[in-house]
Amino acid sequence: MVDPRLSDLSIDDHIWRGKLYRLIREYIKKGENVIKYEVKEDEQTRPDLLAYRAYGHAGLRWVAVLASNNDDEFSPLPVGYRLVLPPVQVIRTFIREVKEEYASSQV
């Protein structure tokens, strides 16, 4: 079970979820305070395995897919490529901020 504080699906609206993805991609692009992780051969079709090894949390597979610029989690990850991943604290903060902004827009 994925911690809802780390799940992209805890943001119900797909447009607001897209905002979360954009924030994470912008953070990755800056390259400050990031995790650099090289994709191993056995992780090519297993973003959950990569997420578990990088974060200790298989539920963050969506971050691995996002960081590899794949459109879906069934596209192979680039073996040998060094992914730039945001720390868990940053992911949690962005999810919270987007959820709060979404909630305030519903008033």
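Begin by selecting N33, which sits in the loop between α1 and β1; helices (H or I, at least four residues) and strands (E, at least two) are DSSP runs, numbered from the N terminus. This is a predicted model, in which local features need pLDDT of at least 70 and side-chain atom pairs count only at pLDDT 80 or more, while totals for chains, interfaces and linings use all residues. Residues are numbered from 1 along each chain as its sequence is written, and side-chain values use heavy atoms, with hydrogens and water left out.

N33 is not a glycine, yet has a positive phi of about 50 degrees. Its relative accessible area of 59% makes N33 exposed (buried means under 20% relative accessible area, exposed over 50%, partly exposed in between, with a 1.4 Å probe and protein chains only).

Next, select N69, in the loop between α3 and β2. N69, also not a glycine, has a positive phi of about 65 degrees, and at 55% relative accessibility it counts as exposed.

Now display α1 (14-30). Its 17 residues reach 25 Å from first C-alpha to last, close to the 24 Å expected at 1.5 Å a residue; the expected span is 1.5 Å times one less than the number of residues. Colour W16, R17, L20, I24, Y27 and I28, which are buried. Viewed down the axis of α1, these buried residues fall within an arc of 135 degrees, so they line one face of the helix; the arc is that of the directions from the helix axis to the C-beta atoms. An α-helix has 3.6 residues a turn, so residues three or four places apart point the same way. The face turned away from the buried side of α1 carries the exposed residues H14, I15, K29 and K30. Among the elements covering the buried residues of α1 are α3, β2 (82-85) and α4 (88-105), where contact means heavy atoms within 4.5 Å.

Continue to α4, whose 18 residues should span 26 Å at 1.5 Å a residue; the end C-alpha atoms are 26 Å apart, which agrees. Within α4, V90, I91, F94, I95 and V98 are buried. They cover an arc of only 135 degrees around the axis, which puts them on the same side of α4. The partners of these buried residues are α1, α2 (47-55) and α3.

In α2 itself, select the buried residues P47, L49, L50, A51 and Y55. They pack against β1 (35-38), α3, β2 and α4.

Which residues does L85 touch? L85 lies in strand β2 and is buried, with a relative accessible area of 0%. Leaving aside residues up to four places away in sequence, L85 touches V34, I35, Y37, L50, A54, Y55, V63, A64 and A67.

Finally, show the largest pocket, with a volume of about 310 Å³. On a 1 Å grid over the protein atoms alone, a pocket is an open set of points where a 1.4 Å probe fits, with protein on both sides within 12 Å along at least five of seven lines; lining residues have an atom within 4 Å of a point. Grid points are joined across faces, edges and corners, and the volume is the space filled by probe spheres set on the points. Of the 15 lining residues, D8, Y21, W62, V65 and E73 lie nearest the centre. The largest share of the lining, 4 residues, comes from α3.
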